[in-house]
Amino acid sequence: MTALDLVITGGTVVTAADSYVADIGIRDGKIVAIGQDLQGDDRIDATGLMVMPGGIDAHVHLDQPTSDGTVMADDFASGTRSAAAGGNTTVLPFAMQVKGRSLRDCVQEYHQKADGKCHTDVSFHLVVTDPTPQVMGQELPALVRDGYTSFKVFMTYDDLVLDDRELLEVFDVARREKALVMVHAEGHDAIKFLTRKLEDEGKTAPFYHGQAHAQIAEREATHRAISHAQLIDVPIVIVHVSGREPMEQIQWARARGLKVHAETCPQYIALTADDLQGLNMDFNGAKYVCSPPPRDADSQAAIWQGLRDGTFDIFSSDHCPFRFDGPADTGKNNPRARTSFKWVPNGIPGVETRLPILFSEGVSKGRITPERFVALTATNPARLYGLYPRKGTIAIGGDADLTLWDPNLTRPIQQQGLNHGCDYTPYEGMQITGWPVRTLLGGRTIAQDGVPVGDAGGSYLSRGTSQAYG
Ligand code: URP
Ligand code: ZN
Ligand code: ZN
């Protein structure tokens, strides 16, 4: 047998199925051996550590233009460095169609933004905002065949929302092309109505964002999306599910055998609506404005149950980073945002803290097993988004994308130690037990002890058909 380039020895290998102590042999960036007493040119001693598949963050926003010109805090360089430091080896950001423009052209622009800059592997989901006959008849089918096998649709936001007829049309193309649709399920009209009412009552602080984006509006849209998917007979993923009410719709659909998948995020286990209460002078509540917003303790408990029982397939960050201050007057703390919550840029950072938060709150506190952690953060994202088995597991023939975890290392999350482009973290001071101490992409170390290492050697991944299609 040809010599191994690298052997990772003595660690506890964790997959979605089981855990065992073994050495992992790597050659040419691939896992080529799993066994005992392996020898190679290089060696990493993982005794006392867990060796897990590199994290796949399937919901990330990087360098995305916004309607009011606010610039995101992370481009593909800083966002993927931050991802690597947080134990990820693949991220799936969005290539968003700008209304009135060709989807294909927009995708090309995202490639230009990403090329040569990525420290992890990367693959784009599409976002369809303008389903013209050209887009639906030609561009979208051709893009799916080119390996962009998933796309997101929005049921709210003035500049992104699709109406029901358009949603059905997009679902229909997805079914024909075997693409997976991700749905942002919040009822646009209900949100607009509530926003106007709150503003009329002078309730304009960030806290009221949580009331305008009511859980009932999320529940209603979730049910509507499920009904549309049932009409078309297409699998969908309801993304960033925030609480008990939309979860019940997903469970209702699953009980009827419908192909409805679900994603949740750190903000729905680690934050609540109270975090938006920054009604004081520092406007701190704006740091927690995201959509859907964090809910209450009851919803947090429901989400944990859903993470355990399989209601949720995947746990992603929905990393959507906007600075609190600046640049110029464009951060969350901008003059217009102070006149109404509706002008606060929606989204919070989290690509670097997603895995530590779930590990600490889930695995270290005994709420989920290490195997379930791997399923939610790597294996299921790979299966759903057409990357399995090259990614998302530890198996011979797969990419040597690995994260070494110290399950006993305890330290708090601190903005000072993070690598993202944001000027704050919503999780400041949160005590974490269990940190990634080394991240390897194709057998090459890309982060160590929370610090990104090496050049931008990540690749763009063309993806296959989702396993949601069986
Ligand atoms: O507030 C959020 N989540 N912003 C990001 C855009 C989205 O809907 O995923
Ligand atoms: Zn969304
Ligand atoms: Zn998002």
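This is a predicted model: local features need pLDDT of at least 70, side-chain atom pairs count only at pLDDT 80 or more; totals for chains, interfaces and linings use all residues.

Biologist: Is D28 buried or exposed?

Modeller: Phi of D28 is near 50°, a positive value in a residue other than glycine. For the surface, the cut-off for exposed is over 50% relative accessible area. D28 has 66% relative accessibility, so this residue counts as exposed.

Biologist: And D318, is that one buried or exposed?

Modeller: D318 lies in the loop between β14 and α11, and its phi is near 50°, a positive value in a residue other than glycine. Most residues other than glycine have a negative phi. Buried means under 20% relative accessible area. D318 has a relative accessible area of 8%, so the answer is buried.

Biologist: Which residue does a cis peptide bond join to P327?

Modeller: Most peptide bonds are trans. P327 has its place in the loop between β14 (314–315) and α11 (354–364). Omega is about 5° for this cis bond, and the partner of P327 is G326.

Biologist: Where is P389 found?

Modeller: Here, too, there is a cis peptide bond: Y388 and P389 are joined with omega of about 5°. Strand β15 spans 402–412, and P389 is found in the loop between α12 and β15.

Biologist: How far apart are the end C-alpha atoms of α12?

Modeller: Helix α12 runs over residues 370–384, which makes 15 residues. At 1.5 Å a residue it should span 21 Å. There is also a kink of about 45° in α12, centred on L376.

Biologist: How many residues of α12 are buried?

Modeller: Just after the helix, G386 takes a positive phi of about 70°. As for α12 itself, the helix is mostly covered, and the number buried out of its 15 residues is 14.

Biologist: Which residue is 54 residues from V181 in sequence and 7.2 Å away in space?

Modeller: V181 lies in strand β11 (residues 180–184), and its relative accessible area of 0% is why V181 counts as buried. Leaving aside neighbours within four places in sequence, its contacts include F151, V153, F171 and I236. P235 is in contact with V181 as well. The C-alpha to C-alpha distance of 7.2 Å belongs to the pair of V181 and P235.

Biologist: Which side chain makes a polar contact with the side chain of S299?

Modeller: S299 is found in helix α10 (residues 297–309), and at 1% relative accessibility it counts as buried. Not counting residues up to four places away in sequence, S299 touches Q215, S242, G243 and R244. The side-chain polar contact, at 3.5 Å, is with Q215.

Biologist: What radius of gyration does the protein chain have?

Modeller: The protein chain holds twelve helices and 18 strands, and 61% of its 470 residues count as buried. Its C-alpha atoms fill a box of roughly 70 × 50 × 45 Å along the principal axes. With 470 residues, a compact globule would have a radius of gyration near 23 Å, which agrees with the value for this chain, 21 Å.

How values were computed
Residues are numbered from 1 along each chain as its sequence is written. Chains are lettered from A and ligands numbered from 1 in the order in which they are written. Side-chain values use heavy atoms; hydrogens and water are left out. Helices (H or I, at least four residues) and strands (E, at least two) are DSSP runs, numbered from the N terminus. The expected span of a helix is 1.5 Å times one less than its number of residues. The bend at a residue is the angle between axes fitted to the seven residues ending there and the seven starting there. Buried means under 20% relative accessible area, exposed over 50%, partly exposed in between (1.4 Å probe, protein chains only). Contact means heavy atoms within 4.5 Å. A polar contact is a pair of N or O atoms within 3.5 Å; within protein, one must be able to donate a hydrogen and the other to accept it, and residues adjacent in sequence count only if both atoms are side-chain atoms. The radius of gyration is taken over C-alpha atoms; the globule rule is 2.2 Å times the number of residues to the power 0.38.
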